[in-house]
Amino acid sequence: MTHRDVFEYALLRVVPRVQRGEFFNAGVVVYCHAQGFVAARTHLDETKLKALDPTADVVGVRAALHAVESVCRGGTDAGQAARDDAGRRFRWLIAPRSTVVQPSPVHSGLTTDPEAEVERLLDLLVR
């Protein structure tokens with residue numbers, strides 16, 4: 001039997017008008033402690049965004065989604081989080097917030113390949 005590691009993930013939800021509570025999925029963040037892995041992939045459906053809020057700031061939403069990807073990658077693009085390990089970056093990203101881009105509750109699973117899991121979940125739950 002192939003060894004599988006526990007992973008956690010959260011969806012990234014776009015909530016164009018926070019007061020209305022309407023949202024759609026626009027990305028996924030995956031964390032695997034055993035492999036020191038954290039990554040995010042995003043896909044913004046501009047048609048859905050404009051349907052929920054015709055005046056939405058598409059550029060701003062896209063920038064917020066890309067910022068999540070940057071924090072996951074670490075390095076200089078991650079800002080202050082660059083010094084944090086994968087787990088701290090994941091926990092920071094999934095903290096509840098009342099902004100246009102919000103994390104879902106955290107879910108878990110088992111995987112042999114967390115990188116492939118990011119793509120699988122993006123295809124399954126976002127695209």
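Tutor: Let us look closely at helix α2, whose buried residues are covered by elements that include β1 (5–14), β2 (24–32), β3 (37–42), α1 (46–52), α3 (86–94) and β4 (101–103). This is a predicted model, in which local features need pLDDT of at least 70 and side-chain atom pairs count only at pLDDT 80 or more, while totals for chains, interfaces and linings use all residues. Residues are numbered from 1 along each chain as its sequence is written, and side-chain values use heavy atoms, with hydrogens and water left out. Helices (H or I, at least four residues) and strands (E, at least two) are DSSP runs, numbered from the N terminus.

Helix α2 covers residues 58–73, and its 16 residues should span 22 Å at 1.5 Å a residue, which agrees with the 23 Å between its end C-alpha atoms; the expected span is 1.5 Å times one less than the number of residues. Its buried residues are Val58, Val61, Leu65, Val68, Glu69, Ser70, Val71 and Cys72, where buried means under 20% relative accessible area, exposed means over 50%, and partly exposed lies in between (1.4 Å probe, protein chains only). As background, an α-helix has 3.6 residues a turn, so residues three or four places apart point the same way. Just after α2, Gly74 takes a positive phi of about 75°.

Thr42 lies in strand β3 and counts as buried, because its relative accessibility is 18%. Leaving aside neighbours within four places in sequence, Thr42 is in contact (heavy atoms within 4.5 Å) with Leu65 and Glu69, and also with Leu12, Ala26, Gly27 and Leu122.

Helix α3 contains Gly87, and Gly87 is buried because its relative accessible area is 13%. From Gly87 to Glu115, 28 residues apart along the chain, the C-alpha separation is 16 Å, and from Gly87 to Arg4, 83 residues apart, it is 18 Å. Arg4 itself belongs to the segment before β1 and, again leaving aside neighbours within four places, is in contact with Leu110, Thr111 and Thr112.

Stepping back to the whole, the protein has 4 helices and 5 strands, and from the N terminus on they run β-β-β-α-α-α-β-β-α. Of the contacts with a separation of 6 or more, 62% are between residues 24 or more positions apart, and buried residues make up 43% of the 127 residues. For a chain of that length a compact globule would have a radius of gyration near 14 Å, which agrees with the 15 Å found here; the radius is taken over C-alpha atoms, and the globule rule is 2.2 Å times the number of residues to the power 0.38. Along its principal axes the C-alpha trace spans about 50 × 35 × 20 Å.
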